[in-house]
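Please open the model in a viewer and keep the selection panel at hand.

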Amino acid sequence: MKFRVSKEVFEKFENVCFGVIVAKGIDNTVEVNEIIQLLNKSIQECENKFKDTKIKELDEILYYRDVFNKLGINPNKFMSSIEAMLTRVSKGKGLPNISPVVDLGNSVSLIHMVPLGAHDIDTLNGDIEVRFSKKGDNFIPLGSKEVEVLEEGELIYSAGDNVRTRRWIWRQSEQGKITNKSKNIFFPIDGFKDKNYDNVISARDELASLLKDIFSCDVEVGFVDNDNTEFKID
């Protein structure tokens, strides 16, 4: 099983890149005080730093908004995951505690200002891919049972015709969500080699280290770009 990015994506955005983490043997069932403290600290630091800031005007956010515009996605209506989180936090609304591993990912995402996804490997049926949608691809939004059928040309994360994330880094699906039973998890971190490469790598390495220390799980890291378009995840 592999994580891969289609050549059409690199033809359109040659500098897009992906930090990759694969963690196996996680126990996501037990509350971890260290993670709660890390998340609360990152939330408080971001709230203090950005409380009087227009998040959409930050350089780190504009990188993603510019790509959304090029893709024909309205970034005001469909915020990238990192813009949505920072906007919420900057308004003093905090973030909910979801599960230890998701909370840990959210903490690292806020600290490094990059979108950071999480996919349950055991729910995948084949490779997971970043590609443009084909007519008939289907998506079930997180928390819903209603199936959305896509048209052609939308940038997505997919497993076969099952869409795991719509509008690139906007919203994850119900099928791939992380639950307390998730043990083997694939984390992609999306960025750009010419814009925020250092943020991507720093977030990748910090999350990998925290996963090892907190969960005592097996962790592998990788990097996908136009010179290395896939990474083995299982």
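Begin with the second largest pocket of this predicted model, which has a volume of about 210 Å³. Select K12, F13, E14, N15, V16, Y63, D66, V67, K70, F192, D194 and K195 to display its lining. Colouring by class divides these residues into 5 nonpolar, 1 polar and 6 charged. Helix α3, residues 59-70, gives the most to this lining, with 4 residues.

Proceed to the largest pocket, whose volume is about 970 Å³. The elements that give two or more residues to the lining are α4 (81-90), α5 (100-112), β9 (171-172) and β10 (184-192). Among them, α4 gives the most, with 6 residues. By class, the lining has 21 nonpolar, 10 polar and 4 charged residues.

Next, select T165 in strand β8, residues 162-166. Is T165 buried or exposed? With a relative accessible area of 8%, T165 is buried, because the cut-off for that class is under 20%. Beyond its neighbours within four places in sequence, T165 is in contact with H119, F139, L155, I156, Y157, W170, R171 and Q172.

The remaining stops concern charged pairs. The structure holds 11 salt bridges.

Select R166 and E148, which form a salt bridge whose closest N and O atoms are 2.7 Å apart. R166 lies in strand β8 and E148 in strand β6 (residues 148-149), so the pair ties together parts that are 18 residues apart in sequence. R166 counts as buried at 10% relative accessibility, whereas E148, at 27%, counts as partly exposed.

Move on to D225 and K193, a salt bridge with its closest N and O atoms 3.4 Å apart. D225 lies in the loop between β11 (218-224) and β12, and K193 in the loop between β10 and α6 (197-215), so this pair ties together parts that are 32 residues apart in sequence. D225 is buried at 9% relative accessibility, while K193 is partly exposed at 28%.

Finally, select E230 and K2, which form a salt bridge with the closest N and O atoms 2.7 Å apart. This pair links distant parts of the chain, 228 residues apart: E230 is in strand β12 (residues 230-232) and K2 in strand β1 (residues 2-5). E230 is partly exposed, with a relative accessible area of 29%, and K2 counts as partly exposed at 30%.

How values were computed. Residues are numbered from 1 along each chain as its sequence is written. This is a predicted model: local features need pLDDT of at least 70, side-chain atom pairs count only at pLDDT 80 or more; totals for chains, interfaces and linings use all residues. Side-chain values use heavy atoms; hydrogens and water are left out. On a 1 Å grid over the protein atoms alone, a cavity is a set of points where a 1.4 Å probe fits but cannot get out, and a pocket is an open set with protein on both sides within 12 Å along at least five of seven lines; lining residues have an atom within 4 Å of a point. Grid points are joined across faces, edges and corners, and a volume is the space filled by probe spheres set on the points. Ala, Val, Leu, Ile, Met, Phe, Trp, Tyr, Cys and Pro count as nonpolar, Asp, Glu, Lys and Arg as charged, and the others, Gly among them, as polar. Buried means under 20% relative accessible area, exposed over 50%, partly exposed in between (1.4 Å probe, protein chains only). Contact means heavy atoms within 4.5 Å. A salt bridge is a side-chain nitrogen of Lys or Arg within 4 Å of a carboxyl oxygen of Asp or Glu.
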